[in-house]
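I opened this model to see how its parts pack. My notes follow in the order in which I looked.

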Amino acid sequence: MTSIPLDVPRVSPVIRRRRTGWIISPWLYLLPTLATLLLWVYWPLLEALRLSFFQWNMVPDAPKTFVGLDNYLSIFALPKFWQAIRNTGIYIAGLLPLAVAIPLAIAIYTHDLPPRARNIYRAVIFVPMIIAPVVAAAVWRWLLDPGHGLVNEAVTLSGFKPVQFLQNPDYAIWTIIVLTGWKLIGFSTLIFSAANANINPSLIEAARMDGASRWEIIRDIRLPMLRTTILFLVLMTVLLGAQWSFAYIHVLTGGGPLGSTTNIFYLLWDFGFSTLSVGWSSAAAIILFLGFGVMAFVLFRLMDRYSFYDN
Amino acid sequence: MTTDAFAFPAVARMPRRPAAILRINSVACHTVMVLLSLFCLFPVYWMIVTSLRPANQIFDTTLWPTSVSLGNYVHAMQAIPIGGMLANTFIVAALVTVAQLFTGLLAAYAFARWRFRGDRLVYTLVALTWLVPFQVVMIPNYLLVAHLGILDSISALIVPHLAAALGVLMLAQAMRSFPAEVIEAARMDGAGNWRILWEVIVPSLRGSIASLAILIFISTWNEYFWPLLLSRSPENSVIQIGIQMFMSAEGNAWGPLMAAATLASLPILAIYVLLQRQVVQSFMKSGIR
């Protein structure tokens, strides 16, 4: 290396763990990232907070009227809002079995498959994860079509009437949940399998020598050792579950029928871009942000307390 | 657990249950996995099969097409400018990937190389952006884009994604395990920070960078929400929006719709076929998202 160094701050031989005063270099390196995140995440967050106190229809010249907490009060008085909150809960509760419980059971149950078979299954069950949500929605709409969809062909063949999977307000939300779960089930299974494979086999063998039954091994060794992974996936599902279904809702049901598939994320979109009421949408966004912040905080605390660290 | 110190591999392989039960067990295991695999793969298979059927056989329920036709693809390409949309999507995904790697490497280097006042706070601020749902900031972001006058353009799809927490966090983690002595040696040789980063650290992080690149590219390719807010004209849309437009225009033209969906997935599926192991690993390393 013969060329002239670009900058010459060689003061200390110790590279890390040294608190110097104000130095400029790290900030230069951080600048692009910080500028982007401040401009597109933090500033908009404050802006959403500000807009939530105004009434405005997004037309640039239209007046912005300060209305104080009115937007919040009207949202809380809106049955649609409570329906969306309830639906968000249903989405999360419905996704937990598909994204956590079933994958966990499958991963534990199939942990001693031969490696070659396991690699094939692994490659196949991961596929939904990389398929775009819109593509998946299109394909499922075709499969579930009441007229000619393959699923309903099978239903009619078994002697039942075709099921209105997406048109019946009683089923639509569950259909969307299963489709969202379709994307996640294989991926979660892989995560659990990997964590399960990391458990030291001598622990299992030792327990077996002590006469522990298969179930006791699962209950007393595997599940406790998998606790971190379980909590992690629960956290992801709770925080992001309702978000993952957005594309499916938008493409397949538009939040209907009768609002039965509208969750809080879809409601935000609906307020903001269908009804163009910026104030309501921003107020709902702030409520959502605070709600999720609290949930995230609680879940992270839980994770900290109950995680199992296998050193 | 009293027998921790045993050397077990040999013992572990000893069948402890009768062979017949083991075989039933393994058959049951395979059944579970085959069912799960079918559930996961069949829709994708059906998409491709439907797209290849001639128009008059779209409603056939045979598991493979009895005769193959590309008519659906022709129809789809006439209905929406799929070629241009795929090109748009590729440009967006590629530029976002390069940009996020670049900004991520710089930021990660700052965290790995220096302790400075406020470093923990800044790191936390970067990490926390991950918890802000996009729907919460969508209206101010939309207004900002409108203010910049780049609504309905490809650049609006790229600019907000020039940096992201995921890249910074993953790269910072990778750099943290980089041996300090090597950096020190490079410094002794008179290399500045810029050269240390690009000539010493980056080459040795090729694995992490590649897996991050795969992740960013695929997620950007599949992104739906942000383009949905911005896209107006088909020429400036990405393929995901194209499919959505096609679906609302001619919802039940199943053959062409499946053809468009297949074309939209083909690049990603090709990457997956080529780099299956790396793709799976990079998604698993990052958690979800």
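**Entry 1: a covered helix in chain A**

I listed the buried residues of α13(A): Ile264(A), Phe265(A), Tyr266(A), Leu267(A), Leu268(A), Trp269(A), Asp270(A), Phe271(A) and Gly272(A). I call a residue buried if 20 or more other C-beta atoms lie within 10 Å of its own, exposed if 12 or fewer, and partly exposed in between, with C-beta atoms placed from the backbone. Helices (H or I, at least four residues) and strands (E, at least two) are DSSP runs, numbered from the N terminus.

The model is predicted: local features need pLDDT of at least 70, side-chain atom pairs count only at pLDDT 80 or more, and totals for chains, interfaces and linings use all residues. Residues are numbered from 1 along each chain as its sequence is written, and chains are lettered from A and ligands numbered from 1 in the order in which they are written.

Helix α13 of chain A runs over residues 264-274, and nine of its eleven residues are buried. I then looked for what covers them, and found that the cover includes α3 (79-109), α11 (227-244), α12 (246-253) and α14 (278-306) of chain A, together with α6 (134-148) of chain B. Just after α13(A), Leu276(A) has a positive phi of about 55°.

**Entry 2: Leu179(A)**

I found Leu179(A) in helix α8 (residues 172-197) of chain A. Why does Leu179(A) count as buried? Leu179(A) counts as buried because it has 28 C-beta neighbours inside 10 Å. Leaving out residues up to four places away in sequence, Leu179(A) touches Ala136(A), Trp140(A) and Tyr248(A); contact means C-beta atoms, placed from the backbone, within 7 Å. I also checked Pro32(A): it is 147 residues from Leu179(A) along the chain, and their C-alpha atoms are separated by 38 Å.

**Entry 3: where the chains touch**

I counted 89 residues of chain A in contact with 85 residues of chain B. Helix α1 (residues 25-51) of chain A gives the most to the chain A side, with 15 residues. By class, that side has 67 nonpolar, eleven polar and eleven charged residues. Here Ala, Val, Leu, Ile, Met, Phe, Trp, Tyr, Cys and Pro count as nonpolar, Asp, Glu, Lys and Arg as charged, and the others, Gly among them, as polar.

**Entry 4: chain B as a whole**

Chain B has 14 helices and zero strands. Its radius of gyration, taken over C-alpha atoms, is 25 Å, whereas a compact globule of 289 residues would be near 19 Å (the globule rule is 2.2 Å times the number of residues to the power 0.38). The C-alpha trace of chain B spans about 75 × 75 × 35 Å along its principal axes. I noted that 43% of the 289 residues of chain B count as buried.

The domain assignment of chain B gives domain 1 (17-69) and domain 2 (75-286), with bounds from an automatic or database assignment. Their C-alpha centres lie 33 Å apart. The contact takes seven residues from domain 1 of chain B and six from domain 2 of chain B.

**Entry 5: a helix in chain B**

Last, I looked at helix α11 (residues 206-222) of chain B, which has 17 residues. Its buried residues include Leu212(B), Phe217(B) and Trp221(B). Among the elements that cover the buried residues of α11(B) are α5 (127-130) and α6 (133-143) of chain A, and α14 (254-286) of chain B.

Conventions: Contact = placed C-beta atoms within 7 Å. Expected span 1.5 Å × (residues − 1).
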